[in-house]
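Reader: I have a new structure to look at. Please show me how to read it, one feature at a time.

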Amino acid sequence: MKSTVVTFPHGHVTGRSQIVGTVPVGARHGLVVSETPFHPLDHTWPDQPADRGAIGGLPVLDCVTGARAADGAILLGSDIPVRRGADGWDWLVVHVTGSPLAVGADVELEVDAAHRAALSAGHTACHLAALALNAALAGRWRKEAALDGLGHPDFDQSAITSSRITPHASLDEYRLGKSLRKKGFTADGLDVAEAAHAVNERLKAWVTAGAAIRLDVPGPELTARRTWHCALPEGEASIPCGGTHVRDAAELGEVTVELTLAEQSLTMRTTVTPQA
Ligand SMILES: [Zn+2]
């Protein structure tokens, strides 16, 4: 069994392949094919949820990342002891079903396209909001920091602790602790309503102007180091990303954020309101 070839980075939602392995998932069945359009939940950075859909006519109840060790043992999700893409392991998309299918069977794979599209919209909005947040907070850095593709200090990559994509939305958590302060960022006196307003104005301008989005896909396997690129009016931005996206920011409709400040954290809730 080799690492699974994935077609979701190219926007595919259907495919045909062969079952090349099975692995028990509790009382359920984990099916591995050689090539799939299904996006599984990543075990290292679980931001975008699993696709829904069907494999060989059976509902896909969940879709998780599997790692096959040199001795043939397959570990799933949080049981995987190494980081995404580590050498010496095969990386598998595991489609979880209620009934078994035989190794060698040819199967049709069909992703729920509407659910995928809603997750892609949420994921693209999440990245755009992160860039707009970097711009809104740029004046709060007292030291030189790593810059994002638009030339702003990269608050997002410096402070993010978790990111969760949902249909047409995302929720990002940032830590404002001692280490961020040491890097030169201060949240003292931060007016989150003002910052959210600045983020929203920028998002509105980007969505109105439109911005082509593409994924750089260096290899066909699940764990290839893919990169999201967006041609914004201010320049080309890029963010490492294993998920799926819309093809142009203009497809999103309205994107807005809400910011919530706590003692040691900043939360950004991003919402996409599709155009009627
Ligand atoms: Zn991403």
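Reader: Let me start with one residue. Which residue forms a salt bridge with Asp51?

Author: First, a caution: this is a predicted model. To call a salt bridge, look for a side-chain nitrogen of Lys or Arg within 4 Å of a carboxyl oxygen of Asp or Glu. Here the partner of Asp51 is Arg116, with the closest N and O atoms 2.7 Å apart. The pair links distant parts of the chain. Asp51 sits in the loop between strand E4 (35-36) and strand E5 (53-55), while Arg116 is in helix H1, 65 residues apart.

Reader: How many salt bridges does the rule count?

Author: It counts seven.

Reader: Into which domains is the chain divided?

Author: Domain 1 covers 5-111, and domain 2 covers 114-273. Their C-alpha centres lie 28 Å apart.

Reader: How many residues of each domain are in contact with the other?

Author: Contact here means heavy atoms within 4.5 Å. By that test, 26 residues of domain 1 touch 22 residues of domain 2.

Reader: How much area do the two domains bury between them?

Author: About 1,900 Å², with 58% of it on carbon and sulfur atoms. On the domain 1 side, Asp47, Gln48 and Arg84 lose the most area to domain 2. Together they make up 28% of what that side buries.

Reader: What is the count of salt bridges between the domains?

Author: One salt bridge. Arg116 and Asp51 meet in a salt bridge through their side chains.

Reader: Which strands each supply at least two residues of the domain 1 side?

Author: Strand E1 (5-6) and strand E9 (90-97) do. E9 gives the most, with three residues. Sort that side by class, and you get 15 nonpolar, seven polar and four charged residues.

Reader: Why does the pair His123 and Cys241 tie together parts that are apart in sequence?

Author: Because His123 lies in helix H1 (residues 113-136), whereas Cys241 lies in the loop between strand E15 (235-240) and strand E16 (254-261). Those parts are 118 residues apart in sequence.

Conventions: Residues numbered from 1 in each chain as written. Predicted model: local features only at pLDDT ≥ 70, side-chain atom pairs only at ≥ 80, totals over all residues. Heavy atoms only, no water. Domains from an automatic or database assignment. Buried area = accessible area lost by both parts, 1.4 Å probe. Helix = DSSP H or I, 4+ residues; strand = E, 2+ residues; numbered from the N terminus. Nonpolar A, V, L, I, M, F, W, Y, C, P; charged D, E, K, R; others polar.
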